[in-house]
Amino acid sequence: MSATPIATGRSTSGIPTGRLAVWWVIASEIVIFGGLLISYIMHRLAHGNWAEQAAHTSTWVGAFNTLVLLSSSLSAVLGHKAADAGDGKKAAKMLYITAFGALTFVCVKAAEWTFEISHGYTITSSTFWSFYYTAAGLHALHVIAGAIIMLIVAQAAKRNQHLNRVELIGLYWHFVDLVWIFLFPLLYIAK
Amino acid sequence: MSEEVHDTHHGNYVKIWAILVVLLAVSVVGPMFEIRVVTLVTAFGVAIVKAYLVIKHFMHINHTPRFIPYLVVTCLVFMLLFFAAVAPDVMNDTGSGWEKPAWVAEEKAWAAGGGSAGDQHPQP
């Protein structure tokens, strides 16, 4: 039997150290994604013609993926609620639903990119498309990483182990949702 | 303190989700009117409201120690300061004692002239 890492549960700062660590990760990610998004906004404002390039992205596909992520955030927070109530099985079920949302998001994104690349809109087509693939790609990597961690946490939660981690992966997942909330209007709506 | 400590306050998450979905619909429909102000408000204003709802109700920011929001806002502010400093370089063609290299203007002209998918950038 493996030892329980004490740092995930103890608290020297008013909140469990594991949760503090996730907030540190989120603070760092704000700089990463924030930097990318603000660079995009500055260039977009300086290059009016980017609107023509942005017109080729599908608002409906972006909206569908937004709905998927908002719904997966709901299942993640319901998993957190179940974990707080000590119901590991329900928490695991909610995390599996969230991971399914992540899978759906990535599949839609893959189909979307296949369509765009087949029509000649690649990462080297223009600076707009460079930003588009970089921002959406970096976000998709976070979605994939989150889904993998979620499945690992769900496996333990199913056996009522490490239920505090359900909240931690949920926090990360809500941040991934937040990033998409801003990527959606920037890449899919502002045309 | 053990890992059993939980200080979150759970609310009606389905209701929050429903509001978020309605806001999503607004952000999709609003720009269809093709009025700049309406687009800005419905797309970006609504995005800020959605983010607020997620941070408040799903991430429970109100129920974390105060230094957590300070930590997050500090990162945000420093990032904005950095970009405020470099913004003139990106958004202006000339400034006090500097001007952009010629290839930037060439690229702009190329893009304005219909540089399209599959074409390559003019090389610096």
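Helices here are DSSP runs of H or I with at least four residues, strands are runs of E with at least two, and both are numbered from the N terminus. The model is predicted, so local features need pLDDT of at least 70 and side-chain atom pairs count only at pLDDT 80 or more, while totals for chains, interfaces and linings use all residues. Residues are numbered from 1 along each chain as its sequence is written, chains are lettered from A and ligands numbered from 1 in the order in which they are written, and side-chain values use heavy atoms, with hydrogens and water left out.

B:T39 sits in helix α2 (residues 36-58) of that chain. B:T39 counts as buried because its relative accessibility is 15%, the cut-off for buried being under 20% relative accessible area, with exposed over 50% and partly exposed in between (1.4 Å probe, protein chains only). Setting aside neighbours within four places in sequence, B:T39 is in contact with B:P31 and B:F44, where contact means heavy atoms within 4.5 Å.

Turning to chain A, there are six helices and zero strands, which gives the pattern α-α-α-α-α-α along the sequence. Of the 191 residues in chain A, 59% are buried. Among contacts in chain A with a separation of 6 or more, 76% join residues 24 or more positions apart.

As for confidence, pLDDT is the predictor's own score for each residue, from 0 to 100. Chain A averages 92, and 95% of the residues score at least 70. Within chain A, the lowest confidence is in helix α2 (residues 50-54), at a mean of 84, and the highest is in helix α4 (residues 88-118), at 97.

Then there is the meeting of the two chains. Chain A brings 64 residues to the contact and chain B brings 58 residues. Between them they bury about 5000 Å², 75% of it on carbon and sulfur atoms; buried area is the accessible area (1.4 Å probe) that two parts lose on being put together, summed over both. On the chain A side, A:W23, A:M42 and A:L70 lose the most area to chain B, together 12% of what that side buries. The elements giving two or more residues to this side are α1 (17-46), α3 (59-84) and α6 (164-189) of chain A, and α1(A) supplies the largest share, 16 residues. No salt bridges link chain A and chain B, a salt bridge being a side-chain nitrogen of Lys or Arg within 4 Å of a carboxyl oxygen of Asp or Glu.
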